[in-house]
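Q: I'd like to learn how to read a model like this one. Could you walk me through it?

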Amino acid sequence: MTDISDPGIRNRTTPDGDNAELTQGKKVRRYTADLSATGEPALWAFGGALAIGILLISSFLFMVFWNGITTFWPKPVAVVTLEDGTVLAGEPTRNERFRPGTAILNAMSEEQRAEVEANGGYATRTLYKTANFDLYGDDFRWIPDYTVTQTSYPPDFYTFERQEWGVFIGRVTGLVIDDQPMAYDPQVMRREQREARQRFNEIRRLERGPIGRINHRLEQERLAIRRAQLRHGADSAEYEAAVAEGNARIQELQARFGEIQSQVAAIRALDQRNRVQLEEIGGRSIEPPLSQIVRYYAANDLSLLDKAGIYFSRWGEFLSSEPREANTQGGVLPAIFGTVAMTMLMVVFVAPFGVITALYLREYAKQGRLVSIVRISVNNLAGVPSIVYGVFGLGFFAYTMGVTIDQLFYPERLPTPTFGTGGILWASLTLALLTVPVVIVASEEALAAVPRSMREGSLACGASKWQTIRYVVLPKALPGIMTGLILAMARGAGEVAPLMLVGVVKLAPALPVDGFWPFIHLERSFMHLGFHIFDVGFQSRNSEAGKPMVFVTTLLLLGLIVAMNSTAIIIRNRLKRKYASSHF
Amino acid sequence: MRTFAAMLAATALTATAATADVSVDPNLPTYEPVSGVSGSLTSIGSDTLNNLMTLWAEGFRSHYPNVSIEIQGAGSGTAPPALIEGTAQFGPMSRPMRGTEIEQFEARFGYEPTPIRGAIDALGVFVHRDNPIECLTMQQVDAIFSSTRNGGLDDALNTWGEVGLEGEWANRPIALYGRNSASGTYGYFREVALFGGDYRGEVREQPGSSAVIQGVASDIGAIGYSGVGYATADVRAVPIAASEGGECFEASGDNAMAGDYPIARFLYIYVNKDPNQPLDPLRGEFIRYVYTQDGQRDVMRAGFFPVTNGLAEQDLGIFGLMN
């Protein structure tokens, strides 16, 4: 900080002549300075503001990171005995202090009341994740800690993650293999569960592959008939021929569908013969098929290595599978795919538009009032609320352009809209509109920063204006333009509000890219990580259970944006180096 | 509008309400897949039904893997325009369509939209988990939430003391949480609990059912309404009495089905069905799936209450789906 004895400061703040006074007829310099003149308070304010800013951002990032990173770590199952004799099993989730009301205080025993009073009227309670929603009708319970008489962590309690109904916490009482009841044997269970999951995945594969192809062709045949009807009229010979031909093929396809369906049914029947008998702490039991068990572990009997295994297997599932239980469990693969695809598509639209506009405004347009107005308008566009872009995208892209496209090119599918509703194309166009001001402004700045001497040098060598721009100005400005694109990407990938109107949905089982011609389906709606966060956090049935997923998904979205941006930055630096060596 | 209880009586539902545990009616059929169902379905409408539609879609797709189903839920108010524009085949709504909405639909197609009643919901009035309130009457709920007080109480209720709480609660102000106006829950609650009146300006309007619960959970003086399926351990549903001195009923499945709980409702899916033409197999099979063991188990998974076979047969009959 400022030190008065520092000669540099002294010279700066007390220039000759100032602050000098006469003492005993001699000029004496007074080496003090006004605090505001040294700028010290301002320095402290700036530094403080920066520190607060960094603190806020880093604590936010830390919160997301910590909550996200710890979610998948397996938690122990506590068996809690209450003073009224009730026993319950659950994962302790969090605890808090609370102030018991008069009614609760009156119901307490003397010692308990004394203890609460000693704590200033506060008691503590713990939230247990008791799971077993199918049996209990709830998943979480608050238990006041003073009612707990005993807590134990028995090693025979298992946590089961099920395909449906969420988690089950309880004991394994037996196995039913091939409809034969047998005693529980961990190794048999492990083997049979793995096989059952393989069968489950086999059904998935059959449904995706062969059945999917048949269904796709069925749809094509139906559309072909409808097309013939629209083109030739309902009572023309062509239509009847098309119907006869189409129906014959439909019959054939349905016969094949029947065959595969019976295969699937056979696997399903086998699945039903292999079950596991589970018992919750209260004694009620269920007997789900083994194929319904996604993952299970003895929650209190895990080595560190086991825990790590479960942890990474959960991450694997999260990153590579589809959601289940209305998005609150399973994975987010469709959402990851949707986010990346939408952002990439947005860059494809926004880059040429933004750069060309900036080039024209900076290099070609005559700088005058009109260009200033355009520039101000572009800058103002950046301040329009994003939801307004969403409304525009819905009204113009989907309802105007999309509906016209449907009428012209997909009349056979009407009234089911193809392009006439939200989709990944319209969503990325909307976001491109939203982010184009950022790109224009950044590109203009970059172009303006190219020294005039370079342009003049190029022109003096006989290059035309376009050649100058193409070979001198653009390469020099490219890193700056890339910076604009990176900012646009970051903004676009994190934007959710307008997307909700133009194509993001809670459940979109078909990815925008698949194995059916034309392979890329830009009309399809898609899932998005940002919307997924909103949906799981604010729309899911059990918001308590959704909370950890919110953090994990946020962490993932942040990671994805960082990854996309780093890639862009690496490309930018490559370009910088490439062009740095290629011109004088 | 006919009341929920009257509609229940009309469908002879009350006879089955004696069972203690809510479970799926064993008379409902199990789903038998048929061949030749493919295509895409879009559902736009209620966010209360969002999760349920997703579960139904997941279940339906386990039978028809390449049927693609899209689900958007921004509020019941978005369902009628989507059906009229043809952008959706299903319009889930947590309230019946209004007269004007039906008229608009009729003006376009010449017939009315057809609803199916896939599930029963009890609208819970939730308070913070530490709130000791034992019971509220409908009139009190009205005087808490409404500015018009059509329920008949003279004064607005502003503190918990005014509804009978003592001690530290007596002076604690009541904080109101509710849904935004596109929501069917908003409309239904206004119609039934507010006796058609208006909400007070102080109600904090939340974007989702779950957001109401989270708001109530974090505010000790809060009260809010939301589908009972969204309840968490952080909030408590207050038993409701239909009138002063009447018996208080928990927001449970039995009470909802029996018509005792005063703010229970059906959850609808509206479908554009031409009465002169059979329903296409895709939509038909989906509706059939809703009224099966699996479909109604999904209802319970979503936290709502299943319907009975009698009601299912009635609705399937309207669609010509009874074999």
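**Reading the model**

A: Start with secondary structure: chain A comes to 17 helices and 15 strands, where helices (H or I, at least four residues) and strands (E, at least two) are DSSP runs numbered from the N terminus. This is a predicted model, in which local features need pLDDT of at least 70, side-chain atom pairs count only at pLDDT 80 or more, and totals for chains, interfaces and linings use all residues. Residues are numbered from 1 along each chain as its sequence is written, while chains are lettered from A and ligands numbered from 1 in the order in which they are written.

Q: How is chain A divided into domains?

A: Domain bounds come from an automatic or database domain assignment. Here you get domain 1 (7–38), domain 2 (78–153), domain 3 (172–301) and domain 4 (334–542). The C-alpha centres of domains 2 and 3 of chain A lie 44 Å apart.

Q: How many residues of domain 2 of chain A are in contact with domain 3 of chain A?

A: Contact is about C-beta atoms, placed from the backbone, that lie within 7 Å. By that rule, seven residues of domain 2 of chain A meet four of domain 3 of chain A. Strand β4 (residues 87–98) of chain A gives the largest share of the domain 2 side, three residues.

Q: Which residues touch the most other members of the largest nonpolar core?

A: A nonpolar core joins buried Ala, Val, Leu, Ile, Met, Phe, Trp, Tyr and Cys residues through C-beta atoms within 7 Å; buried takes 20 or more other C-beta atoms within 10 Å of a residue's own. In this core of 163 residues, they are V439(A), L485(A), L52(B), I120(B), V216(B) and I240(B). Helix α13 (residues 424–448) of chain A supplies the largest share, 16 residues. Leaving aside neighbours within four places in sequence, V439(A) has contacts including V350(A) and L485(A).

Q: And how many residues does each chain bring to the contact between chains A and B?

A: Chain B brings 40 residues and chain A brings 45. On the chain B side, α2(B) gives the largest share, seven residues.

Note on methods: Buried ≥ 20, exposed ≤ 12 C-beta atoms within 10 Å, placed from the backbone. Contact = placed C-beta atoms within 7 Å.
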